[in-house]
Amino acid sequence: MLRFALTRILMALPTLFIVAVSVFVLIRLIPGDPAQLMLGDLADPASLADLRARLGLDRSLPMQFAIWFGNLLQGDLGQSINSQQAVLPLIAQRFFISAQVVLVAVLFACLVAVPAGVIAAWRQNSSLDLTLVGLATLLLSIPTFWLGLLLLLFFGLKLEWLPVVGYVSIGEDTTRGILYLVMPILTLFLHEIGVILRMARASTLEVLRLDYITHARAKGLSEGAVLWRHAFKNAFGPTWTLIGLVLGNLLGGIAVVETVFTIPGLGRLLVDSIFARDYPVIQGCLLFVAFTYVLVNLVIDLCYPIFDPRVTAE
Amino acid sequence: MNLKSSLAIALTLVAAPVLAQQSTINVALNADIRSTNPGVNRDDNTDAVVLHMVEGLVGYRENGAVAPLLAESIAVSPDGLTYTFTLRKGVKFHNGAVMTSADVLWNWNRYMDAKTDWRCRAEFDGRTGMKVTSVDAPDPSTFVMKLEKPSAMFLDTMARTDCAMVAIIHKDSVKADGSWDRPIGTGPFTLGEWRRGEFVSLKRFDGYVSPPGEQRDGYVGRKRALVPEVKFLSIADGATIKAGLMSGALHVADIPDSDVPEMKKIPNLEVMSAPSATKHAFLFQTRDALLGDVRMRQAIAAALDLDQIVAHTSNELGKTNNSAIYVSSPYYSDVQRQRYSQDLAKVKKLLAEAGYKGQPIKLVANKRSTVPSFPAAVVAQAMLQAAGINSEIEVLEWATQLDRYAKGNFQMMSFSYSARIDPAQSYNQFSGPKDAFPSKAWDSRRADELIEKATLVGDPAERQKLFDELHKLMLAEAPLIFLYNQVDTAGVSRKLRGFAPWVAGKPRLWEVSFAN
């Protein structure tokens, strides 16, 4: 298992290198200059040249890349042009905030959507199935920003149960922290239910059609035993993979949800940095997102044998 | 009691402290501040927050005139070269130290040090014309500055908000190695906490010594902090800001003009607006093969129904102003009211004279919600098409548009200039030689001469003549068309007393309190 994990991590290194080069080049291909943005509409060429020199933007692109990549190899992602903060702690701080929203939302979504998907498949074409599939499609179709605004309107403005703007970390004040997280988590939870439920239903349906399920039923096993002991274990693989992809995606940024609920997470940091052309932060964020994606999927792969003994790390 | 009621009561009880913080005024900012270092790594939001904590020797009054702030009086020598500032007595920094001229001297030297990266160093070291040749602190309450040549803009530049009013801060604001720590200023609020991406909290400075005056007057006048805390929250989404205002979680927030009718219907909110000195305009590239012909530019000006454009884009709050001078300026004379008018017969004649054959004109715009760039472009395009001028809109993201603006890489652009109070500074924003400054819209030797003269002449009547001549020249050459001055509109909780928007376009939270 350890060898498998190490091999996978080593295999990820070229991916991360390609991401690093691509991000560095692509972000500089977009017109716009961080120094110009800092000085605004009144930047005179002399002041602009001064600032560009101070930020190191007057050097050639290969030189800029060499400096950045050299620092990266030493674990230094550089310093934000905007806030002058070190990029790595900034990302870590913002990632923690995003991660608590994403992990809780996905966990609850799995707890609800996976059994619901299996039950929908078990009762295929029944009114229960149609209701669950309809609900999943509806939740999947609603854009998260709109869903978030609806929740804000209902729980924040109409019922006045939950705070509308601001953020308090759980570490600072647990009760208030949770209150501020309820709506963003609920938004993601509702959206991801749709995604996971449909996959759980589809993969269970596929398994339920196989001969060994008929054989299990013929042996006189109860429907519960057929469903959970035989069908579910085999059907969960694709859903588990999807959960990995969903987690990787969401951990990489939930900018829309963070913007609506004023959560200072990683997604908002990335979007703000793109608008400000804060190159070191953009590069750091995207590299971190790629790394997270690789890591989450590695963990997902390593967990396969738990659900399906036929799959081994070797 | 059913489950729903129990849940509601439980949540409301838990949420109560969050929702009801009556000692703190919550103000929305559309983005986080960049730093707390006055005039260094800044933008409009940064200036707005920082100027609650720091003050300069002079500041703007409500009408944009410059008046003493940390200075008690200012004496100018007859030759206009020496400015003697007598400091107000008993002014304290947030750490309790008394401000003296030695502090002013230390600050000036720090600002003029290239390592500080002060935004306005070029304004005072001769690079843009004005040069401070020496400074001196002959006694604890006197500070003397000498200029190379007289300048009518010296005090105005000292008061500029983007220069942080040349804020006087205590030496302990910087660390031993010279790097920035935190602002220890003389303002009515001190820095409480800054959580990046979340909020900046300012606390009342109990030792504050307010400038004289019976009422608030721009950045001078009475400046008491009447609440223990002001919190500036960074909220990027307009819909969330709206929800925050409606719920009462936010007490003050800028709102786009398009939301004004809806916000006026909300009983717990008051909608306040005031014209600022920010200018919205259509710029022409006068070096363009087509728009280099003044008849083409005049034809475009005559094709536009400016009142309709302004009414549409400002939701009928703005007033057409083709002048570079804002409407409440003392220099806004009858001549400055002269403007373009729609005249389709004139358009036809000018287009024929210019030999226009339907070549497309690209109008660059952006979709930032804080400026009317895109809606103004859409209405203008329809009017131009109706007048027989083929125009296309090119929508760009702001950073890209700014890059194109800086390089002069456009035919026509829907653009907004940040607020400049002094008319000469306002003209300086867009006038100058294009070879050296590609972003300048107006490259006219005569205009530059007049502006240069206006920076030297102090007599208001003499300056008025210069600005009036400049306005007439600008209308004739049409290097750009000013549309109107931004109307700053804020949604303000009815629980607050004393808040008012003003010409500088930045919120002021001193002399503001909760009703009862």
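Which helices of chain A do the buried residues of helix 12 pack against? They pack against helix 2 (34–39), helix 5 (87–122), helix 11 (255–260) and helix 13 (279–307) of chain A. This is a predicted model. Chain A has 13 helices and zero strands.

**Chain A overall**

- Read along the sequence, the pattern of chain A is α-α-α-α-α-α-α-α-α-α-α-α-α.
- The C-alpha trace of chain A spans about 85 × 55 × 35 Å along its principal axes.
- Chain A has 314 residues, and 41% of them are buried.
- Take the contacts in chain A with a separation of 6 or more: 72% of them join residues 24 or more positions apart.

**Helix 12 of chain A**

- Helix 12 covers residues 266–276 of chain A and is mostly covered, with nine of its 11 residues buried.
- The buried residues are A:Leu266, A:Gly267, A:Arg268, A:Leu269, A:Leu270, A:Asp272, A:Ser273, A:Ile274 and A:Ala276.
- A:Arg277 follows helix 12 of chain A, and its phi is positive, near 50°.

**Helices 6 and 8 of chain A**

- Packed helices are described by two values, the angle between their axes and the distance between the axes.
- Helix 6 (residues 127–141) and helix 8 (residues 174–208) of chain A have axes that come within 7 Å and cross at roughly 135°.
- These two helices of chain A are therefore oblique to each other.
- Their crossing is left-handed.
- Helix 6 of chain A brings A:Leu132, A:Val133, A:Ala136, A:Thr137, A:Leu139 and A:Leu140 to the contact.
- Helix 8 of chain A brings A:Leu190, A:His191, A:Ile193, A:Gly194, A:Val195, A:Leu197, A:Arg198 and A:Arg201.
- By class, the residues of this contact are nine nonpolar, three polar and two charged.

**Helices 8 and 10 of chain B**

- Chain B also has a helix pair to look at: the axes of helix 8 (residues 294–303) and helix 10 (residues 344–354) of chain B come within 9 Å and cross at roughly 160°.
- Angles over 145 degrees count as roughly antiparallel, so helix 8 and helix 10 of chain B are roughly antiparallel to each other.
- Helix 8 of chain B passes helix 10 of chain B in a left-handed crossing.
- From helix 8 of chain B, the contact uses B:Arg295, B:Met296, B:Gln298, B:Ala299, B:Ala302 and B:Ala303.
- From helix 10 of chain B, it uses B:Lys346, B:Val347, B:Leu350, B:Leu351, B:Glu353 and B:Ala354.
- Eight of the residues in this contact are nonpolar, one is polar and three are charged.

**A four-stranded sheet in chain B**

- Strands of a sheet pair through backbone hydrogen bonds, either parallel or antiparallel.
- In chain B, four strands form an open sheet in the order 4-5-7-6, and the pairing is antiparallel.
- Strand 4 (71–76) and strand 6 (132–139) of chain B stand at the edges with a single partner strand each, so one side of each has no neighbour in the sheet.
- On average, neighbouring strands of this sheet are turned by 20° against each other, direction ignored.
- Strand 5 (residues 82–87) and strand 7 (residues 142–147) of chain B pair in the antiparallel sense over five bridges.
- B:Thr84 stands opposite B:Val144 in strand 7 of chain B.
- Helix 3 (residues 101–111) of chain B packs on the sheet and touches strand 5, strand 6 and strand 7 of chain B.
- The direction of helix 3 of chain B makes about 160° with that of strand 6 of chain B.

**Strand 14 of chain B and its partners**

- Strand 14 (residues 269–284) pairs with strand 18 (residues 480–493) of chain B in the antiparallel sense over 12 bridges.
- The bridge partner of B:Ser273 in strand 18 of chain B is B:Thr489.
- Strand 14 of chain B also pairs with strand 17 (residues 412–417) of chain B, in the antiparallel sense over six bridges.
- Here B:Phe284 has B:Met412 of strand 17 of chain B as its bridge partner.

**Where the chains meet**

- In the contact between the chains, 38 residues of chain B touch 43 residues of chain A.
- Helix 1 (3–19), helix 6 (238–247) and helix 12 (398–407) of chain B each give two or more residues to the side of chain B that touches chain A.
- Helix 1 of chain B gives the most to that side, with seven residues.
- By class, that side of chain B has 21 nonpolar, 10 polar and seven charged residues.

Notes:
Residues are numbered from 1 along each chain as its sequence is written. Chains are lettered from A and ligands numbered from 1 in the order in which they are written. This is a predicted model: local features need pLDDT of at least 70, side-chain atom pairs count only at pLDDT 80 or more; totals for chains, interfaces and linings use all residues. Two residues are in contact if their C-beta atoms, placed from the backbone, lie within 7 Å. Ala, Val, Leu, Ile, Met, Phe, Trp, Tyr, Cys and Pro count as nonpolar, Asp, Glu, Lys and Arg as charged, and the others, Gly among them, as polar. A residue is buried if 20 or more other C-beta atoms lie within 10 Å of its own, exposed if 12 or fewer, and partly exposed in between; C-beta atoms are placed from the backbone. Axes are lines fitted to C-alpha atoms, for helices over the stretch in contact, and angles run from 0 to 180 degrees between N-to-C directions. Angles under 35 degrees count as roughly parallel, over 145 as roughly antiparallel, 65 to 115 as roughly perpendicular and the rest as oblique. A crossing is left-handed if the near helix is turned anticlockwise from the far one by less than a right angle, and right-handed if clockwise. Two strands pair if DSSP finds at least two bridges between them.
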